[in-house]
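Here is a short report on aromatic rings and the groups around them. Look at the structure first, then read on.

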Amino acid sequence: MKRWIGISWVSTVFAFLYGPLLVLMVFSFNQARYTSEWQGFSLTWYASLLENQYLLDAFVNSLTVAFVSSLAATAMGTLGAFAIAWYRFAGKKLFFGLVYSVMMSPDIVMGISLLMLFVTAGIHPGFFTLLVAHITFCLPFVIVLVHARIAGFDPAVVDAARDLGAREHEVFLKIVFPMILPAVLAGWLLSFTLSLDDVIISFFVTGPGFEILPLKIYSMVKLGVTPEVNALCTILFVLTLAAVLVAHFLIKEKKK
Amino acid sequence: MPVVCLNNVSKSFGSQQVIDNLCLDILKGEFLTLLGPSGCGKTTVLRLIAGLETCDSGTILINGRDQTRLPACDRDVNTVFQSYALFPHMNVFDNISFGLKLKKIPARQIQERVKETLALVKLAGMDNRPISQLSGGQQQRVAIARAIVNQPLILLLDEPLSALDYKLRKQMRLDLRHLHRKLGITFVFVTHDQEEALTLSDRVVVMHNGSIQQTGTPKEIYETPVNLFVADFVGESNIFDARVTSTTGPDMEIRIQGVSKTVQNRRGFKKDQAVKVLLRPEDMTVERTKDQCHRGFLPGQVKEMIYKGTTVDLIIRLDNGQDIFVTEFFNEDDQDIFYDVNERVCVSWIKGWEVTLPHE
């Protein structure tokens, strides 16, 4: 009895989470143009996506921004995490608190404030502003993730490595880096997905000359949900899923 | 020639002086223990020898060469850390071979040496175990193996037994002694546990507030402490205030708790000088009494009797109000060492078993 309650509870949760996604994915293969009625399997919409140069450009732009900003955020965030974990400096607590507040602040507030910053500084919105904005909102996640990892390991292992004859760079390469790698990878992946699907902040800071996919989809949806959008979302979902699986695999491999 | 010489070494962390002008010679092949309460600077001494800290002033000679400024990675010294500090992302073999690989020793030799060392610490065949799957005692052995596989000149051990349970700790103590004899290298051991210090060491260095209080064999430390701190920290002590009333040759007469007693005068005390008399619980004798005590016996009353299997511990309140601690051993001649609470007793000791120190 108890078991059945458990199973039905779990399936309800999963249905709730993945049901909408499933509907979207199924309808991306629907032949019908406007109705939400099933009219037979077809790959038409995927084919038409490939011919849509605007969408492809936006997609490439999105990937570029996500890749560069997540890499930059990971590098900077990892260094920041070390600074907080290992060094003493004035205002350290305040700094860490500010990191959290950036993470918590509503996207709309961040979007508007970044926009005002760029306007005040006289920078034209475009790739650069988008990149800076994405790095900014990804950075706290990396810092928090990597910091938790560094704080979680015994600092004496660094002494132990030095004691056994390791020089500074060897301590880092052989001990510290492998130990924090899972958190760095997780931070990088999280940043990548955060950047890839951000709408609100990007809406404020990008310019007309540089379109990215989420914003493109957003404007397409204004005219109604087309099967083309369904197909696009399916591709995005599969991509994200693949990234998660790859990272999971990488982390597991390291643990062995 | 000593293998390590610390000459006038001082070290501060911020405004706090941790090591104060410390001098210490460590002899080749000895088992030396740094003993002291937490915060006395014993771990800092160890880290200075390892090169994990640099001293503010003074010099450190290792094997006759000045290595005061030499970084940890270039010193022929290895450490077993209190938390073990094993590398969690490596297995047993990779942990132990870490130092050898850095020294670019051929893989075959590494294999052999790791295997030998694992056998030495009774972990043969555990090469491929991940660290997370080892018990506390096994991790401890890996930490020791990781240090000794490098065949260092000196092995430093920073409270390595403190995280183990009582039984395992006793076993590891024996194993450490055995290992020391077998390897023949110098062991420098840090602990706050006086029992560990006394049972393991060739020499004990008692530290307090960043300086050395006394250096000597366990027997010297226990039987002839040079000051009240050492007497109090190492073992149990009963401490009495007394005054010298007269001196005659090697002996002197003291007034203690209103009673006259003849004791040895080893330090040239003068008449009327105030002294402290220290007595170990097991050095005191107790007698029952119906009325008055004999000369040289202190009168008191049993407050508590604690049966401990091999001994009986008594807490006795002397007539002037001081509580003392006495240990009585079972022996064939005197089966009757059980006392009633509130029973009247007389307490004394054999002349010469006391330690007399100047009043501090």
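This predicted model holds 15 aromatic pairs over all chains. One of them joins F89(A) and F95(A). Their ring centres lie 6.4 Å apart and their planes meet at 65°, so the pair is edge-to-face. The cut-off for that label is an angle over 60 degrees.

How exposed are these two residues? F89(A) has 34% relative accessibility, so it counts as partly exposed. F95(A) counts as partly exposed too, because its relative accessibility is 35%.

Another edge-to-face pair is made by F96(A) and Y100(A). Here the centres are 5.5 Å apart, with 75° between the planes. Both residues belong to helix α4 of chain A, which covers residues 92-104. They are 4 residues apart, about one turn of the helix. Y100(A) is partly exposed, because its relative accessibility is 35%.

The table sets out the two pairs.

| Pair | Centre to centre | Angle of planes | Type |
|---|---|---|---|
| F89(A) and F95(A) | 6.4 Å | 65° | edge-to-face |
| F96(A) and Y100(A) | 5.5 Å | 75° | edge-to-face |

Rings can also form groups. In chain A, ring pairs link F82(A), W86(A), F172(A) and F177(A) into a cluster.

Now turn to chain B. Which ring does the charged end of R280(B) sit over? That ring belongs to Y222(B), and the distance to its centre is 4.0 Å. K261(B) lies over the face of W349(B). The distance from the ring centre is 4.8 Å in that case.

Key
Residues are numbered from 1 along each chain as its sequence is written. Chains are lettered from A and ligands numbered from 1 in the order in which they are written. This is a predicted model: local features need pLDDT of at least 70, side-chain atom pairs count only at pLDDT 80 or more; totals for chains, interfaces and linings use all residues. Side-chain values use heavy atoms; hydrogens and water are left out. Rings of Phe, Tyr and Trp (its six-membered ring) pair if their centres lie within 6.5 Å; planes under 30 degrees apart count as stacked, over 60 as edge-to-face and the rest as tilted. Buried means under 20% relative accessible area, exposed over 50%, partly exposed in between (1.4 Å probe, protein chains only). Helices (H or I, at least four residues) and strands (E, at least two) are DSSP runs, numbered from the N terminus. A charge sits over a ring if NZ of Lys or CZ of Arg is within 6 Å of the ring centre and within 35 degrees of the ring normal.
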